[in-house]
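Please consult the sequence and the coordinates alongside the text.

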Amino acid sequence: MMAEREEDDDTEEAWMQLRPTEPLPSQCCGSGCSPCVFDLYHRDLARWEAAQASKDRSLLRGPESQCYQMGLMSRYVESWRVGDTAFWRGPFGDFFYKPNQYGELLLLAAGTGLAPMVPILQSITDNENDETFVTLVGCFKTFESIYLKTFLQEQARFWNVRTFFVLSQESSSEQLPWSYQEKTHFGHLGQDLIKELVSCCRRKPFALVCGSAEFTKDIARCLLCAGLTEDSYFLF
């Protein structure tokens with residue numbers, strides 16, 4: 001019986017069921033991610049071809065993926081074992097945007113904190129009657145780690161949108177594309193830079209902040225020092 005099962009597992013049909021599925025073009029965000037979904041596909045395809053040629057399914061597993069060592073979700077996922085069940089809820093949020101509700105939105109995001117800013121930004125640029133100014137500041141470690149580059153570049157072409165970036169692990173603009181050089185700061189988003197951002201807003205800003213708990217706490221303090229009141233910002 002074992003021999004018959006092994007023969008069944010090595011049939012052409014069985015191997016084709018294990019072949020990676022090529023992503024659709026729409027699944028690539030176009031932001032220059034490294035690795036891209038197509039990079040991962042070609043890596044897995046090469047692994048599958050090698051496994052099929054040698055009839056060794058253990059080659060399909062590859063190296064274990066790496067997680068953010070200090071990430072709350074990463075540590076939770078690493079604790080999972082085969083057979084565990086996870087339940088998901090959300091996403092939920094308490095911030096509800098209305099067109100022209102504010103003169104200017106100052107969006108301050110760190111890393112994946114960019115996520116809630118995207119639908120708000122897009123709802124403004126998709127609505128020709130919404131004349132809200134937007135200043136978006138994305139904080140990342142390196143230029144390569146900036147999410148959704150293409151999307152943000154497209155949004156910055158609108159008359160009412162400006163984008164800035166703060167890179168914590170780079171110190172020179174020489175290696176950056178020219179279109180990023182004038183709107184990229186190095187180091188961390190601190191009190192002086194926030195004061196500068198608030199002062200250069202074209203209308204009285206309402207700030208939205210999303211990032212780690214530490215980032216959110218620090219930015220809230222800086223916003224108060226920059227003259228905003230507690231009812232002039234929202235913390236995700």
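The following paragraphs treat the sheet, its helices, the aromatic residues and the cysteines in turn.

The model is predicted: local features require pLDDT of at least 70, side-chain atom pairs count only at pLDDT 80 or more, and totals for chains, interfaces and linings use all residues. Residues are numbered from 1 along each chain as its sequence is written, and side-chain values use heavy atoms, with hydrogens and water left out.

**Sheet and packed helices**

Helices (H or I, at least four residues) and strands (E, at least two) are DSSP runs, numbered from the N terminus. Strands pair if DSSP finds at least two bridges between them. On this basis, an open sheet of 6 strands is present, with parallel pairing and the order β4-β3-β2-β1-β5-β6. Strands β4 (184-186) and β6 (233-235) stand at the edges with a single partner strand each, so one side of each is left without a neighbour in the sheet. On average, and with direction ignored, neighbouring strands of this sheet are turned by 15° against each other; axes are lines fitted to C-alpha atoms, for helices over the stretch in contact, and angles run from 0 to 180 degrees between N-to-C directions.

Strand β3 (residues 161-167) is joined to β4 by 3 bridges, and the two run parallel. Between β2 and β3, also parallel, there are 7 bridges. Residue L167 has F186 as its bridge partner in β4, while L167 is itself the bridge partner in β3 of F140. Of the 7 residues of β3, 6 are buried (under 20% relative accessible area, with exposed over 50% and partly exposed in between; 1.4 Å probe, protein chains only). Strand β3 is therefore largely enclosed by the rest of the structure.

| α8 (residues 191-199) | β1 (104-110), β2 (133-140), β3, β4, β5 (205-210) | about 175° with β3 |

**Aromatic residues**

The structure holds 9 aromatic pairs. Rings of Phe, Tyr and Trp (its six-membered ring) pair if their centres lie within 6.5 Å; planes under 30 degrees apart count as stacked, over 60 as edge-to-face and the rest as tilted. The rings of F95 and F206 are stacked, because their centres are 6.2 Å apart and their planes at 20°. F95 lies in the loop between α4 (72-78) and β1 and F206 in strand β5, so this pair ties together parts that are 111 residues apart in sequence. Both F95 and F206 are buried, the relative accessibility of F206 being 11%.

The pair Y102 and F206 is likewise stacked, with ring centres 4.3 Å apart and planes at 20°. Y102 is in the loop between α4 and β1, 104 residues from F206. One aromatic cluster is formed by F95, Y102, F206, F234 and F236.

Charges also sit over rings, a term that requires NZ of Lys or CZ of Arg within 6 Å of the ring centre and within 35 degrees of the ring normal. R57 lies over the face of W15, at 5.2 Å from the ring centre, and K149 over the face of F143, at 4.8 Å.

**Cysteines**

How many disulfides are counted? With a disulfide defined as a pair of cysteine sulfur atoms within 2.5 Å, the count is 0 disulfides. The sulfur of C200 has its closest cysteine sulfur in C201, at 5.5 Å, which is too far for a bond. C200 is partly exposed, with a relative accessible area of 31%, whereas C201 counts as buried at 11% relative accessibility.

Conventions. Contact means heavy atoms within 4.5 Å.
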